[in-house]
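Let's walk through a protein model together, one question at a time. Have a look at it first, then try each question before reading on.

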Amino acid sequence: MSIAGIAAGELLSRLQAGEVTSVEATTELLSTIERDEAAIGAFLLVDKQRALEQAETVDRKRSEGRKRGELAGLPVAVKAVLCTQGVATTCASRMLQSFVPPYDAHVIEQLKAADAVLIGKTNMDEFAMGSSTENSAVRPTRNPWDNQRTPGGSSGGSAAAVAAGMVPLAVGTDTGGSIRQPAAFCGVVGLKPTYGRVSRYGLVAFASSLDQVGPMAGDVHGAAVLLQAIAGYDSRDSTSVISPVPFYSQRVDQPLVGLRVGIVPEHFAEGLDPEI
């Protein structure tokens with residue numbers, strides 16, 4: 001069975017069951033990226049060597065029965081606006097083409113602690129200022145469903161990478177729709193977390209009072225698993241919330257009986273029945 005395009009939860013189950021190794025999964029996804037990247041332009045950097053080294057480490061832990069993180073062996077792509085120690089973080093700008101951060105963003109620390117395989121940095125509108133990923137200073141990203149259309153932005157590279165089956169999970173950032181809009185355009189799941197739920201430490205800021213880091217995935221369960229891994233208090237972010245991280249992935253199948261949804265009629269066209 002091909003790895004490319006399968007949901008994060010299913011791939012994680014296969015990894016845990018020993019049906020596939022992280023090296024095998026990572027290698028297949030790297031091949032998918034190599035095959036399709038020229039047409040889509042989802043990545044600014046593919047960190048092949050580091051990714052395979054991380055995958056080998058996870059496989060070794062698994063074979064030796066050692067404790068592993070909750071994303072153990074899952075490849076994850078990261079928007080190029082989050083600092084990663086020793087890895088170019090350009091924000092899709094030529095001004096930062098030589099910038100190699102000396103430290104990890106909190107989200108990167110969390111991903112490493114969760115034993116994720118960091119496969120590369122995704123394309124974006126330069127400094128996250130745009131809504132189509134056509135404003136990247138490097139190249140535009142195309143929608144995998146139709147290469148003549150935009151994937152949305154500014155997290156268009158992350159959305160396109162998930163939609164194209166290049167990775168099961170990706171990290172984006174959202175100020176005014178930069179996760180939610182490309183997720184909608186590419187047919188994937190994207191979530192802007194509640195402000196303070198995910199630390200902004202190491203995020204190259206656009207608007208600090210609005211910026212949030214969030215998950216992108218092929219399904220709701222995958223998004224929940226990723227949010228669970230990256231959320232949590234961080235003293236280096238003054239707006240970080242001191243609150244335990246719920247087991248989001250265990251709530252995906254929670255019954256909706258009794259759930260109430262509020263609708264603000266003023267946000268919709270005239271004539272909307274307020275009783276709907």
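This is a predicted model: local features need pLDDT of at least 70, side-chain atom pairs count only at pLDDT 80 or more; totals for chains, interfaces and linings use all residues.

Residues are numbered from 1 along each chain as its sequence is written, and side-chain values use heavy atoms, with hydrogens and water left out.

Q: How far from cysteine 83 is the nearest cysteine sulfur?
A: Cysteine 83 is in no disulfide. The nearest cysteine sulfur belongs to cysteine 91, and the distance is 7.4 Å.

Q: Is cysteine 91 buried or exposed?
A: Buried means under 20% relative accessible area, exposed means over 50%, and partly exposed is in between (1.4 Å probe, protein chains only). Cysteine 91 has 0% relative accessibility, so it counts as buried.

Q: Which side chain makes a polar contact with the side chain of serine 178?
A: Serine 178 sits in the loop between β4 (169-174) and α6 (180-186); helices (H or I, at least four residues) and strands (E, at least two) are DSSP runs, numbered from the N terminus. With a relative accessible area of 7%, serine 178 is buried. A polar contact is a pair of N or O atoms within 3.5 Å; within protein, one must be able to donate a hydrogen and the other to accept it, and residues adjacent in sequence count only if both atoms are side-chain atoms. Here the distance is 3.0 Å, and the partner is the side chain of serine 154.

Q: How are α4 and α7 oriented to each other?
A: The axes of α4 (residues 106-113) and α7 (residues 220-230) come within 8 Å and cross at roughly 110 degrees. Axes are lines fitted to C-alpha atoms, for helices over the stretch in contact, and angles run from 0 to 180 degrees between N-to-C directions. Angles under 35 degrees count as roughly parallel, over 145 as roughly antiparallel, 65 to 115 as roughly perpendicular and the rest as oblique. That's why α4 and α7 are described as roughly perpendicular.

Q: How many of the 11 residues of α7 are buried?
A: Among the buried residues of α7 are Gly222, Leu226 and Ile230. The helix α7 is largely enclosed by the rest of the structure, because its buried residues number nine of the 11.

Definitions and conventions
A disulfide is a pair of cysteine sulfur atoms within 2.5 Å.
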